[in-house]
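Here is a short briefing to read alongside the structure. Please keep the 3D view open as you go through the points.

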Amino acid sequence: MRELRIHGRGGQGSVTAAELIAVAAFEGGMHAQAFPAFGVERRGAPVQAFVRFDNKKIRLRSQIYEPDYIIVQDSTLIRDVNVFQGMKEGGIAIINTEKAISYPVPEGVKVIAIDATSIALQKIGLPITNTALMGAFAAASGEIDFAALEDAVKRRFKGDLATKNIAAARAAYDSVKGAA
Amino acid sequence: MLEITEGSHAVADAVGKCRPQVIAAYPITPQTHIVEALAEMVANCEIDAEYITVESEFSALSACLGASAAGSRVYSATTSQGLALMFEVCFNCAGMRLPVVMSIVNRALGAPLSIWNDQQDSISLRDSGWLQLYAEDNQEATDLHYLAYRVSEDHSILLPSFVCFDGFILSHTYEPVDTLTKEQADSYLPPFKPFQRLDAADPISFGLFAAPDYYMEFRYEIDQAAKKALSVIPKAGREFGELFGRDYSGLVEGYRMDDADCALVAMGSICGTVKDAIDEMRDAGKKVGLLKIRSFRPFPAEEVKKALSGVSRVAVLDKNISLGSKGAVALEIRDALYGSQTPVYDYIIALGGRDVRKKDIARVVSLAEEGKGDLFYGLRDEVLK
Amino acid sequence: MAIGTGCSARPGKSRNNKTGSWRVFRPEFVHEKCTSCGMCRIICPEGCIGENEEGLPVPDYDYCKGCGLCAEECPSEAIEMKKEEK
């Protein structure tokens, strides 16, 4: 079983991202489970959402303490929350940031820094970074393929909004693939 | 068809396929997604039901009571403080023998205010005459609604049912659920045939006054009907299994109980985590098993006694506390095992949404081995000083 | 009272309970003074005051408990409470 923990702020779409990643993984033939850790439901407050992937039925219900992957939607969270806590050796951290990573990262963790905010502003016109980060996750982890992700986005959003979000995911996906 | 969907939406889908004729519910976290989805289905004419908007949970269940007495299949959903507000109507539904089915998306009761999960809400309605079924995952939460209507509407039962599943932990989780088609649902659940109903052309009164010379007899009959459900639930559960491959004939369900030395007893979503923890403990050579309680009301004491007959100790995980006494499940287990020498240890756990990990389950088993029980598990040190 | 599932019962059972036997005083209606205002019929807690062909009030003594409210309220003082002979 592999586990993903998403760190974000209320309103950035962390819960939606977890759900869509689970949908894409399921469509790709895996068992998946996505759930939120609801705190104070308030725009801007730190929130977490979780996804589990496995090739058999998932029974475990606890939150995720030792993730294989993390997604950090907002690098300012790193000041307030230890986003790397419990990360597995060889784990992948996808961090939305405009700057180079200047803080200590646990040994054995691969960091992928991506400017998802700029991608979202350019492709969607709003600083909602979840779909771009999903694209980056697909590229970096290999847990979900891009076509499944595209389908999952289309199931959730309609028309133009789906197209724009897919474009954001694609740009991030290509950027991570290109860098690899 | 296997689909990945949110627990609340899977339940709403199943409820729609149960063809309720009247739905009345008041939104409250974490139940809201269910009734939102049903309201949408009614508005889109996807289901042929009357959706009554009400101003409180008291009104919601009162509307259901009236509609059920008038001969309709009815549905409601609530949680926590909402269920508390329904308290009086709950007793009336059972006393009038109305087969209302209601989802309880389990949540803690205030104060302190908490939107998170434990099972204090439905447990607090323990003595109301409602049947109470608890689901481990979203598949079971979905399927138990079909089962509940079948059992409640059986003319030898005629009691309302709670289908209980853990708030957020199940209701807000996306996971694969095999949903029935409308045809499959219809093949299992026939149209509602009321035992008796309000009809102006053939008048009848429900819920009449009973003087001391008759009140006990009415209560006796409710109790007899609830106990009758101990045989009706397995029958309906078996039939569900024969049709759709998922068997719910067990009022309780054992997991790796053969040769188990220590049995954990639990209800609801925590059972999943317990099973994973048991696999790890078994790998480490510890003989641990789980007895999952699916039907809390009626309580299957005989089945529990039988299932626990070979173990040396029992550790009960209670997501509730009967304040000043013990957890409600532990009390039942001790009663079922009365006269045996098997120690039963109670652990109050996961109240108000506190997370439970596999290592917590292993720790509970260790505590039981040390003979330490009847405690709140995992308290902060500051209250213990 | 038989036990009906759901504490239910068919209507009409209270007719068997002839409460007229409880009476100590019986109302006697003096039709000469009566203006047919209907107050006695409205006020009667048993609903046991009907009317004759001329529209004048007639009590059903099978059910009249003799409470005397009709006599108390009658604006024409046309109802007299007389001691029942038992």
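In this predicted model, helix H7 of chain B (residues 138-153) lies across strands E5 (101-106), E6 and E7 of chain B. H7(B) runs at about 170° to E7(B), where axes are lines fitted to C-alpha atoms, for helices over the stretch in contact, and angles run from 0 to 180 degrees between N-to-C directions. Helices (H or I, at least four residues) and strands (E, at least two) are DSSP runs, numbered from the N terminus.

A word on conventions: residues are numbered from 1 along each chain as its sequence is written, and chains are lettered from A and ligands numbered from 1 in the order in which they are written. As this is a predicted model, local features need pLDDT of at least 70 and side-chain atom pairs count only at pLDDT 80 or more, while totals for chains, interfaces and linings use all residues.

**The sheet in chain B**

- E5, E6 and E7 of chain B belong to an open sheet of 7 strands with mixed pairing, in the order E3-E2-E4-E5-E7-E6-E12; two strands pair if DSSP finds at least two bridges between them.
- Strand E3 (50-52) and strand E12 (295-297) of chain B stand at the edges with a single partner strand each, so one side of each has no neighbour in the sheet.
- From one strand to the next, the twist averages 20°.

**Domains of chain B**

- Chain B is divided into domain 1 (2-244) and domain 2 (252-383), with bounds that come from an automatic or database domain assignment.
- The C-alpha centres of domain 1 and domain 2 of chain B lie 27 Å apart.
- The contact between them takes 28 residues from domain 1 of chain B and 20 residues from domain 2 of chain B; two residues are in contact if their C-beta atoms, placed from the backbone, lie within 7 Å.
- On the domain 1 side, the elements that give two or more residues are helix H6 (120-123), strand E6 (131-134), strand E7 (161-166) and H9 of chain B.
- H9(B) supplies the largest share of that side, 5 residues.
- By class, that side of domain 1 of chain B divides into 16 nonpolar, 6 polar and 6 charged residues; Ala, Val, Leu, Ile, Met, Phe, Trp, Tyr, Cys and Pro count as nonpolar, Asp, Glu, Lys and Arg as charged, and the others, Gly among them, as polar.

**Contacts between chains**

- Of the 2 pairs of chains in contact, chains A and B share the most contacts.
- In that pair, 18 residues of chain B are in contact with 18 residues of chain A.
- Strand E8 (174-178) and helix H10 (270-283) of chain B are the elements that give two or more residues to the chain B side, and H10(B) provides the largest share, 5 residues.
- The side of chain B that touches chain A holds 7 nonpolar, 5 polar and 6 charged residues.
- Chain B also meets chain C, with 17 residues of chain B in contact with 9 residues of chain C.
- Helix H9 of chain B (residues 215-244) gives the largest share of the side that touches chain C, 3 residues.
- That side of chain B has 10 nonpolar, 4 polar and 3 charged residues.
- Chain A and chain C have no contact, and their closest C-alpha atoms lie 41 Å apart.

**Strand E1 of chain A**

- Strand E1 of chain A (residues 2-9) is mostly covered, with 6 of its 8 residues buried; a residue is buried if 20 or more other C-beta atoms lie within 10 Å of its own, with C-beta atoms placed from the backbone.
- E1(A) runs antiparallel to strand E3 of chain A (residues 46-54), joined by 8 bridges, and Glu3(A) has Arg52(A) as its bridge partner in E3(A).
- E1(A) also pairs with strand E4 of chain A (residues 69-72) in the parallel sense over 4 bridges, and Leu4(A) stands opposite Tyr69(A) in E4(A).

**Chain C**

- Chain C has 2 helices and 4 strands, which run β-α-β-β-α-β from the N terminus on.
- The C-alpha trace of chain C spans about 50 × 30 × 20 Å along its principal axes.
- Of the 86 residues in chain C, 20% are buried.

Methods:
Buried ≥ 20, exposed ≤ 12 C-beta atoms within 10 Å, placed from the backbone.
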